[in-house]
Amino acid sequence: MALDTSAVTKQRGLSRFKKTSSPKGLTVNGKKSDGKRDILGNLYLPQLIPACLLILIGIVVIYTASLNISEANFPRHLAGIAIGAVVAILMWRYDYRSLANMSTLLLVVVSLLMILPRVPGLGVSAKGMTGWVKIPFLPLRFQPSEIGKIGLIFLMAAVGAEYHGKVETLKDYVKLCGTLLVPFGCIMLLPDLGTGLILLAIGATIIICSGAKKSWIAITFILLVAVVTLVVATSLIPGIPHILKDYQIKRLTVFVDPSIDPSGDGYNLQQAKIAVGSGGLFGKGAGNATQASGRFLPEAHTDFVFALFAEEFGFVGSLIMLALFAWMIFSTVLLAMRLDNPFAKLTLVGCVAMWTFQMLQNIGMCIGIMPITGIPLPFISFGSTSMIAQILAVGVVQSVWRHRQKSA
């Protein structure tokens, strides 16, 4: 009697199909598939965890600041975090690699973001600078240059990736520098020197990591120092056009000698130092910062937020904050070293440059080793647009990790 093997074969095929085609969360080969594990696998936790902890620290600091400083609107701070989380998730899901071929479009968009506050009817002035844009029909404003920082990272990474790790000719090097100078020139029209310095730090770091020759970099640095010296020197001479504003000159002179302006920026610096020093080893405790509550420390929730934090949580708390920044930054560097795709590498380098420069500058000015500028401390300072941009940068790193298999 002949055996009908076709029926057996079909049955085996059906059973195999049933085992391998079950959706996530259902039984597959006798085991339950965990959809959460797939999500965690697409998250770069070594960078995400410290970033989230820094955001939590910022929530605590701004809440305590809001108890005594009316400008520190705590619900608005939380709203900035919520919006940032949404755009970061969208960025995480988005394939960032599509931006590698959009350098021209990125240059236009970034330049427009930098110059947008100069558009009549849109710009809003605050603290001597027209850097904000009012949203039509809504009582809200935002700072487009903060979003422009992320755009600049993608722009410089896209242009730098064209050379695959080695800039061969001087013409290509000049092209890289010229690309950076366009948005820098636009932001200086506001003028916003603080943001301009951040753009230079991001762009210069990406250019160096793109493979530019050391001799070209050294010559550029010397020229930059010469130009800065000339600008500062001419701004001190009365009767000739000044590039720097009076308040910018005061900040530079106070950095050299705080006693020059005892009631202005010199006072701000001295109060910041007092706040940092009075925190001692373990701090006075959350909400007990007398320098801020007594309104002695100016801009305690924005520019001098580190001084506020140091007074509340002391030297130990400051070390923990610095350790979290170091954890986040070095984990991003390690990820960049693991990848082969030039655009992915340079994008991560840009994020690292932005976080590192802003952290060092903000903390440095609070303890008197850097000039006073309006540069916020990432994830900590009050400011919705700044918070959105910083959390968006976290989403950029997560997007690079999620698409690492195809970009390596």
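Student: Why is Trp355 called buried in this predicted model?
Tutor: Its relative accessibility is 0%. Buried means under 20%, so Trp355 counts as buried.

Student: What makes Phe379 buried?
Tutor: Phe379 has 1% relative accessibility. The cut-off is under 20%, so Phe379 counts as buried.

Student: What makes Tyr63 and Phe74 an edge-to-face pair?
Tutor: Their rings lie 5.3 Å centre to centre, and a pair needs centres within 6.5 Å. The planes are 70° apart; over 60 degrees counts as edge-to-face.

Student: Which parts of the chain does this pair link?
Tutor: Tyr63 is in helix H3 (residues 45-66) and Phe74 in helix H4 (residues 74-93), eleven residues apart.

Student: Why is Tyr63 called partly exposed?
Tutor: The relative accessible area of Tyr63 is 43%.

Student: How is Phe74 classed at 19% relative accessibility?
Tutor: Phe74 counts as buried, because buried means under 20%.

Student: Why is the pair of Trp355 and Phe379 called tilted?
Tutor: The ring centres are 6.2 Å apart and the planes stand at 45°. Under 30 degrees would be stacked and over 60 edge-to-face, the rest being tilted, so this pair is tilted.

Student: Where do Trp355 and Phe379 lie?
Tutor: Trp355 lies in helix H14 (residues 342-366), and Phe379 in the loop between H14 and helix H15 (384-402). The pair therefore ties together parts 24 residues apart in sequence.

Methods: Residues are numbered from 1 along each chain as its sequence is written. This is a predicted model: local features need pLDDT of at least 70, side-chain atom pairs count only at pLDDT 80 or more; totals for chains, interfaces and linings use all residues. Side-chain values use heavy atoms; hydrogens and water are left out. Rings of Phe, Tyr and Trp (its six-membered ring) pair if their centres lie within 6.5 Å; planes under 30 degrees apart count as stacked, over 60 as edge-to-face and the rest as tilted. Helices (H or I, at least four residues) and strands (E, at least two) are DSSP runs, numbered from the N terminus. Buried means under 20% relative accessible area, exposed over 50%, partly exposed in between (1.4 Å probe, protein chains only).
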